[in-house]
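The following account leads the reader through one protein model, from individual residues to the overall form. Please keep the sequence and the coordinates in view while reading.

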Amino acid sequence: MPSPPGWREVPCVACERFVEGIDFGERCRDCQRQRARRVAVIARRAALVATAATGAWVLSRPPASPTAQWTGIIAVPATYLLVRVIVGRLAMELLP
Ligand SMILES: [Zn+2]
């Protein structure tokens, strides 16, 4: 929602500090930065846990063929990337 003309400062939805250059219902630059940092930490931790689980699963099963071995080698970093992106998106949408 665009701010009405003539309104220079609008309260941040998170910290309620009046800030210039944002619209109603938006966060100030500091709150956005703090939220992005929190989301990155959550996404990184979730990706590490999922990657460790995938790595343990791959190591627990001896590969039957070279194709299975390569699939396991590729699955570990792919799990990290996918989980980090997906959890980051979800956290950005769901965190207050
Ligand atoms: Zn704020």
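**A walk through the model**

Gln-69 is partly exposed, because 13 other C-beta atoms lie within 10 Å. The terms rest on C-beta atoms placed from the backbone: a residue is buried if 20 or more other C-beta atoms lie within 10 Å of its own, exposed if 12 or fewer, and partly exposed in between. Gln-69 is found in helix H2. The structure is a predicted model, in which local features need pLDDT of at least 70 and side-chain atom pairs count only at pLDDT 80 or more, while totals for chains, interfaces and linings use all residues. Residues are numbered from 1 along each chain as its sequence is written.

The protein chain contains 2 helices and 2 strands, and from the N terminus on these elements follow the order β-β-α-α. Helices (H or I, at least four residues) and strands (E, at least two) are DSSP runs, numbered from the N terminus.

Val-58 is 11 residues away from Gln-69 in sequence, and their C-alpha atoms are 8.6 Å apart in space. Ala-56 is 13 residues from Gln-69 in sequence, with a C-alpha to C-alpha distance of 14 Å.

Val-58 lies in helix H1, which covers residues 29-60. Val-58 counts as partly exposed because it has 19 C-beta neighbours inside 10 Å. Leaving aside neighbours within four places in sequence, Val-58 is in contact with Gly-72, Ala-75 and Val-76; two residues are in contact if their C-beta atoms, placed from the backbone, lie within 7 Å. Ala-50 also lies in helix H1. This residue, Ala-50, is partly exposed, with 18 other C-beta atoms within 10 Å. Not counting residues up to four places away in sequence, Ala-50 touches Thr-79 and Val-83.

How are the two helices arranged? Two packed helices are described by the angle between their axes and the distance between the axes. H1 and helix H2 (residues 66-94) pack at an angle of about 150°, and their axes are 8 Å apart. Axes are lines fitted to C-alpha atoms, for helices over the stretch in contact, and angles run from 0 to 180 degrees between N-to-C directions. H1 and H2 are therefore roughly antiparallel to each other, a term for angles over 145 degrees, whereas those under 35 count as roughly parallel, 65 to 115 as roughly perpendicular and the rest as oblique. Residues of H1 that meet H2 include Val-39, Ile-42, Ala-46, Ala-50 and Val-58, and their partners in H2 include Gly-72, Thr-79, Val-83 and Met-92. By class, the contact of H1 with H2 has 15 nonpolar, 6 polar and 2 charged residues. Here Ala, Val, Leu, Ile, Met, Phe, Trp, Tyr, Cys and Pro count as nonpolar, Asp, Glu, Lys and Arg as charged, and the others, Gly among them, as polar.

Attention now turns to the strands. Glu-16 is placed in the loop between strand E1 (9-11) and strand E2 (18-20). Glu-16 is exposed, because 9 C-beta neighbours lie inside 10 Å. Although not a glycine, Glu-16 has a positive phi of about 60°. Most residues other than glycine have a negative phi.

The overall dimensions complete the picture. The C-alpha trace of the protein chain spans about 70 × 20 × 15 Å along its principal axes. Buried residues make up 6% of the 96 residues. The C-alpha atoms of Ala-50 and Trp-7, 43 residues apart along the chain, are separated by 47 Å.
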